[in-house]
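Work through the exercises below with the sequence and the 3D structure at hand. Each task is followed by a solution in steps.

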Amino acid sequence: MTAFSRAVRETVSGLPRQFWWLWTSTLVNRLGGFVVTFLALYLTVQRGYSASYAGLVAALFGLGGAGGAVLGGVLADRIGRRPTLLATQLGAAATTAVLGFVTNPLAIAAVATLVGLTSSASRPALSAMIADLVPPKDRVRAFSLNYWAINIGFGVSAAAAGFIASEGYVWLFVGDALTTVLCAVVVYVKAQETLPVTAKVTYVDGRTVNGKAVSGKAGSGTTAKSRPRKATSRRAADSTDIRLSDVLRDQRFMALVGLTFLLGSVMNQANSTLAVDMGAHGLSARQFGVVIAINGLVIVLLQIPVTRLVRRYGNAALLGVGSLLMAWGFGLTVLAGSVALYSLTVVVWTLGEIVHAPASMSVVADLAPATARGRYQGMYTLSWSAAAFAGPLVGGVTLDQLGRTTVWLGCAVLGTLAGAGYYLLLRGRPAAPVLPTAPVAAGVEAQAPAPRDAPEQVGG
């Protein structure tokens, strides 16, 4: 018991107090995350719509989420993390509540798109805020703990949603909306803005002087005061200097996004192709539910101890190993035909998920300039949204046309390629240069890298 207590203390100690309020808000939000899990059942059972229509609504929800990821990232850098979180969480609460009361199929489709947009738009801001608050050496641990909260909340909400739905599906929407409002209240009361503000830099006669008066050209005897026309001011690495197009031109980061899309397409077979494959083996929906629930259970039980065991390794190794475990966890499904074997495969790819998820979020935070973390997190979230659309579609077509062996061995190959790509991309990556910054909120420390491709000197 003493060893366990020591392990817990080492895992949770040393993180900023505001991180734990954000962690609490995440847990509260996920505890009420009823709607996404039961939306298809609501539309087909309660409203009587076809499975095709339910699939269309799910696709529109994902499409809204893709747009929300980018929008939320841009807003987090432009107006701040805190106002973006508040606006998107309140928007998600409102649209979720409305979705429970609209009955027209066009209205349902439109509102579901808005729910996806507002729900997804909060994620880049939250991830950026965590990256702002937590120093690089502790980011994997912090993102791991946040991921743990997500899965605790998902497990509880999935179990509770069935009982709530028996009293009326509308209570799922109302409960989800209320917990999202409560999440926004926690952010409003306890969270301070963390968007870094870079130090003001003054350029005089081609010399950077950081707001101090200096002499002009060497040997001229001219002072900055005597030649004011040559002086200009700007904010180094300001968020307005780094546009979304600049993120797209960041080759290393976009390679990371592409690799994440590949691995995400593999992971999304758990939400679609796996159920079909189990059904083809004569297993029931209840048995599928038991098998897939193992994913959340393993994360809740092992996230903290596994994070502690692997903390000494670099992100390149963690992403590589995590990808391989996920790849071959799904690849082993080719041998499965019983609940026991399917459960074993879920345990394997869940271990990979535990290793991969927090390390990948930490890498995104490391690659992003401090004032553009929202945009970077938004593009990273977009890769998962795109994978959620493409993965099930490609997996289903492949299963129908080429068979299960091709699906599951294909997952193993794609995941292995992603793991190798992660390792080669990040191996030996040098730390990015930083400039001192002045935080907006007292007590918040942050650093911003120098602006990319920006001249060191401006002037004659």
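Helix 8 (residues 170-190) supplies the largest share of the nonpolar patch, 5 residues. The model is a predicted one.

**Exercise 1.** Find which residues make the nonpolar surface patch, and decide whether V189 is buried or exposed.

Solution. 
- Step 1. The patch covers about 560 Å² and is made by L90, V181, L182, V185, Y188 and V189.
- Step 2. Place V189 in the secondary structure: this residue lies in helix 8.
- Step 3. The relative accessible area of V189 is 57%. Exposed means over 50%, so V189 is exposed.

**Exercise 2.** Decide whether T96 is buried or exposed, and list what is in contact with T96.

Solution. 
- Step 1. Locate T96 in helix 5 (residues 81-99).
- Step 2. Its relative accessibility is 5%. The limit for buried is under 20%, therefore T96 counts as buried.
- Step 3. Setting aside neighbours within four places in sequence, T96 is in contact with V35, V115, F173, D176 and A177.

**Exercise 3.** Identify which members of the largest nonpolar core touch the most other members, then trace the contacts of F330.

Solution. 
- Step 1. The largest core has 76 residues, and F19, L22, I130, F253, L256 and F330 touch the most other members.
- Step 2. Helix 14 (residues 339-367) gives this core its largest share, 12 residues.
- Step 3. Apart from neighbours within four places in sequence, F330 is in contact with V266, M267, Q269, A270, W349, W408 and C411.
- Step 4. A second, separate core has 21 residues, including V57, V115, A161 and A165.

Notes:
Residues are numbered from 1 along each chain as its sequence is written. This is a predicted model: local features need pLDDT of at least 70, side-chain atom pairs count only at pLDDT 80 or more; totals for chains, interfaces and linings use all residues. Side-chain values use heavy atoms; hydrogens and water are left out. Patches are made of residues with over 30% relative accessible area and no salt bridge: like charges are joined within 9 Å, nonpolar side chains (Val, Leu, Ile, Met, Phe, Trp, Tyr) within 5 Å. Accessible areas come from the Shrake-Rupley method with a 1.4 Å probe; for residues, only the protein chains shown count as cover. A salt bridge is a side-chain nitrogen of Lys or Arg within 4 Å of a carboxyl oxygen of Asp or Glu. Helices (H or I, at least four residues) and strands (E, at least two) are DSSP runs, numbered from the N terminus. Buried means under 20% relative accessible area, exposed over 50%, partly exposed in between (1.4 Å probe, protein chains only). A nonpolar core is a set of buried Ala, Val, Leu, Ile, Met, Phe, Trp, Tyr and Cys residues joined through side-chain atoms within 4.5 Å. Contact means heavy atoms within 4.5 Å.
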